[in-house]
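Please look through the structure below before reading on.

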Amino acid sequence: MISQFFVLSQRGDNIVFRDYRGEVAKGSAEIFFRKVKFWKEDGQEEAPPVFNVDGVNYFHVKVVGLLFVATTRVNVSPSLVLELLQRIARVIKDYLGVLSEDSLRKNFVLVYELLDEVIDFGYVQTTSTEVLKSYVFNEPIVVDAARLQPLGPAAIFMQGTKRMPGTAVTKSVVANEPGGRKREEIFVDIIEKISVTFSSSGYILTSEIDGTIQMKSYLSGNPEIRLALNEDLSIGRGGSIYDYRSSSGSGAVILDDCNFHESVRLDSFDMDRTLSLVPADGEFPVMNYRMTQEFKPPFRINCLIEEAGQLKAEVIIKIRAEFPSNITANTVVVQMPLPKYTTRASFELEPGAVGQRTDFKEANKKLEWGLKKIVGGSEHTLRAKLTFSQESHANITKEAGPVSMTFTIPMYNVSRLQVKYLQIAKKSSSYNPYRWVRYVTQSNSYVARI
């Protein structure tokens, strides 16, 4: 049961506010933002997704730089509310085409209409884009997507010869193209979030992939779709963890477990790994999967810390990209906590380094190294000279680290799961909609111990 729902910008501006039950004070948005800001200023990481202030439970998720928040005084399942907030964000994006502060302000009438249909007196009614179509009558005001900051996975598929059109995934499910026409197209994204932990000697201690096959359909008349995956895909480990095929390099894709969207029919899945479905309007996950079979990590991280005098030390961090040279990783950020008594850090990059930045976060004693892009097969090195306020009485390596890394790699996936073909039931011989199949790998928790 939700008392209030609101959306805040990164600056704390209240963009959308809906009070469903009148049980929580009106200033809750201000209280929430101050608390979240205080968390950061206190040298902590981000605020937790759920916290309580004066008997009010605050739940929030961050979507493309916006804070989606729900409040309640009753004891509600946190996972239920967090999932609801994600779904509300998805529904709003489906209807507006673009999720941004600008689009929310321009379409506030449509947004409030959606919120009143999704939640009634604090109780959830539906979060289905398709069901809401019969109740929502306002047309979206289109926002120019070219001016937007590329934040989501949809905006980073700009590699290869066949480029995705810039406005492709920024269209509303209810608005047509100029001239009343509707461009027939469908998008299938294989998004994988990987978690890897390396030991201090470079061995892989843990590795896991959380993947999802996401679909967004702009096909009129909801035709049936057949989606074929790898024929050698197997689910669950029936027998030995290591089979001979996987050690040869081109082996089977072994998923630990997976689940499917309710619209997916699995009649022929066991036989030929084909999924049949009639896609719903808007964006939805066709299949979620998890894989813990060992895979080749996209990056190798080496870190060395050496004492360089009484109150000095030197840190050397090396990153090597283990993927092919025709692939490029974007928005790479490397972080490393330093000893608490570090007062200064000076950085030295390799000669000719372009698009790299370094920073020493004094508040929480962290070293940060940002790289705009990394081409496959390349290696990059950072040297940092540290100055301490006191002598270290312990081993410096015990007081520093681990090295963590965040990145996004378009058109690359580590699990080798692939969409072999995407078949759309033809309405006529001239019907040939656009099909876009895209891959992206993102870091979830990528950590190297030192």
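**From the chain to its loops**

In this predicted model, residues 24 or more positions apart account for 70% of the contacts in the chain with a separation of 6 or more, where a contact means heavy atoms within 4.5 Å. Residues are numbered from 1 along each chain as its sequence is written, and side-chain values use heavy atoms, without hydrogens and water. Because the model is predicted, local features need pLDDT of at least 70 and side-chain atom pairs count only at pLDDT 80 or more, while totals for chains, interfaces and linings use all residues.

The chain holds eight helices and 26 strands; these are DSSP runs numbered from the N terminus, helices being H or I of at least four residues and strands E of at least two. Of its 450 residues, 47% count as buried. Buried stands for under 20% relative accessible area, exposed for over 50%, and partly exposed for what lies in between (1.4 Å probe, protein chains only).

In soluble globular proteins, nonpolar side chains tend to be buried together. A nonpolar core is here a set of buried Ala, Val, Leu, Ile, Met, Phe, Trp, Tyr and Cys residues joined through side-chain atoms within 4.5 Å. The largest such core has 69 residues, of which Ile213, Val286, Phe299, Met336, Met405 and Tyr446 touch the most other members. Strand β8 (residues 185-198) gives the most to this core, six residues. The core also draws at least three residues from each of domain 2 (183-237 + 249-295 + 412-448) and domain 3 (299-410), with bounds from an automatic or database domain assignment. Leaving out residues up to four places away in sequence, Met405 touches Phe299, Ile301, Ile319, Val332, Val333, Val334, Ser443 and Tyr446. A second, separate core of 33 residues includes Ala70, Val76, Leu82 and Leu115.

Next come the aromatic rings. Rings of Phe, Tyr and Trp (its six-membered ring) pair if their centres lie within 6.5 Å; planes under 30 degrees apart count as stacked, over 60 as edge-to-face and the rest as tilted. By this rule there are 15 aromatic pairs. Phe6 and Phe17 are stacked, because their ring centres are 5.7 Å apart and their planes are at 15°. Phe6 lies in strand β1 (residues 4-8) and Phe17 in strand β2 (residues 14-19), so this pair ties together parts that are 11 residues apart in sequence. Phe6 is buried, at a relative accessible area of 0%. Phe260 and Phe269 have ring centres 5.3 Å apart and planes at 75°, so they form an edge-to-face pair. Phe260 is partly exposed at 24%, whereas Phe269 is buried at 5%. Ring pairs also link Phe198, Phe299, Phe323, Phe407, Tyr412 and Tyr446 into a cluster.

A charge sits over a ring if NZ of Lys or CZ of Arg is within 6 Å of the ring centre and within 35 degrees of the ring normal. The charged end of Arg273 sits over the ring of Phe269, 4.7 Å from its centre. Arg21 lies over the face of Phe121, at 4.2 Å from the ring centre.

Phe121 is in the loop between β6 (119-120) and β7 (123-124) and is partly exposed, at 48%. Most residues other than glycine have a negative phi. Phi of Phe121, however, is near 50°, a positive value. Asp54 likewise has a positive phi of about 50°; Asp54 is in the loop between β3 (50-53) and β4 (56-63) and is exposed, at 71%.
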